[in-house]
Amino acid sequence: MGLFARLRRGGSGGGSTPGTGSGKRGEAQRHLADFAASRTGVEAFVEPATTVTPTTLLLVAHDGEWTRRRVPDPRKAVDFAKRVGIPVYDVNLTGYPQRMRDFNKRQRGDDGGPGYV
C-alpha cells in the first residue's frame, strides 16, 4: 500500500498502540505486558509525540534491555503502566536511564576508545 493510499484512509493502516485488544494494537499491548512480566525492575517512560514520531511508551528493564511501542496519547501510556504495576515517568522530566545507554553500548560493542564521543 502506498503512502497516499494510507493518507486517504485517514491513517497509517494501523499502529502499535496499547489500549485495545484487536489487531496490531492488541499485539503491542501484549508485547509490552509480556516484557514487563518477564523482566525485573521494569520502568516505563512516556516519550512525547514529535513532528516525526507519535507518542511512544518505552519500557526499560533493570539491566537496560528496552522495548518501545506507539501509544495513542500519554494518558493511555500512564494507564497501561499502572495496570501492569510498573512506575511511569515523563522522559522530558527524567531523561533516559543510564542503564539503557550502557545496554545499547554493550550491544554495539562500543568500547569508548579513540574517536568515540
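Predicted model: local features only at pLDDT ≥ 70, side-chain atom pairs only at ≥ 80, totals over all residues.
Local features are given only where pLDDT is at least 70, and side-chain atom pairs count only at pLDDT 80 or more, whereas totals for chains, interfaces and linings use all residues. Residues are numbered from 1 along each chain as its sequence is written, and side-chain values use heavy atoms, with hydrogens and water left out.

**View 1. Elements of the protein chain.** The protein chain holds five helices and four strands, where helices (H or I, at least four residues) and strands (E, at least two) are DSSP runs numbered from the N terminus. Read from the N terminus, their order is α-α-β-β-β-α-β-α-α. Of its 117 residues, 29% count as buried, a term that stands for under 20% relative accessible area, with exposed meaning over 50% and partly exposed in between (1.4 Å probe, protein chains only).

**View 2. The aromatic pair of Phe-45 and Tyr-89.** A search of the whole structure finds one aromatic pair, and this is the tilted pair of Phe-45 and Tyr-89, at 5.5 Å centre to centre and with 35° between the planes. Rings of Phe, Tyr and Trp (its six-membered ring) pair if their centres lie within 6.5 Å, and planes under 30 degrees apart count as stacked, over 60 as edge-to-face and the rest as tilted. The partners, 44 residues apart, link distant parts of the chain, with Phe-45 in strand 1 (residues 43-47) and Tyr-89 in strand 4 (residues 88-90). Phe-45 is buried, at a relative accessible area of 4%, whereas Tyr-89 counts as partly exposed at 30%.

**View 3. The crossing of helix 2 and helix 3.** The axes of helix 2 (residues 23-38) and helix 3 (residues 74-84) come within 11 Å and cross at roughly 45°; such axes are lines fitted to C-alpha atoms, for helices over the stretch in contact, and angles run from 0 to 180 degrees between N-to-C directions. In helix 2, Gln-29, Leu-32, Ala-33 and Ala-36 meet Phe-80, Arg-83 and Val-84 of helix 3, contact being heavy atoms within 4.5 Å.

**View 4. Pro-97 in its loop.** Pro-97 lies in the loop between helix 4 (91-94) and helix 5 (98-108), and at 10% relative accessibility this proline counts as buried. Leaving aside neighbours within four places in sequence, Pro-97 is in contact with Phe-45 and Val-60. His-62 is 35 residues from Pro-97 in sequence and 10.0 Å from Pro-97 in space, C-alpha to C-alpha.
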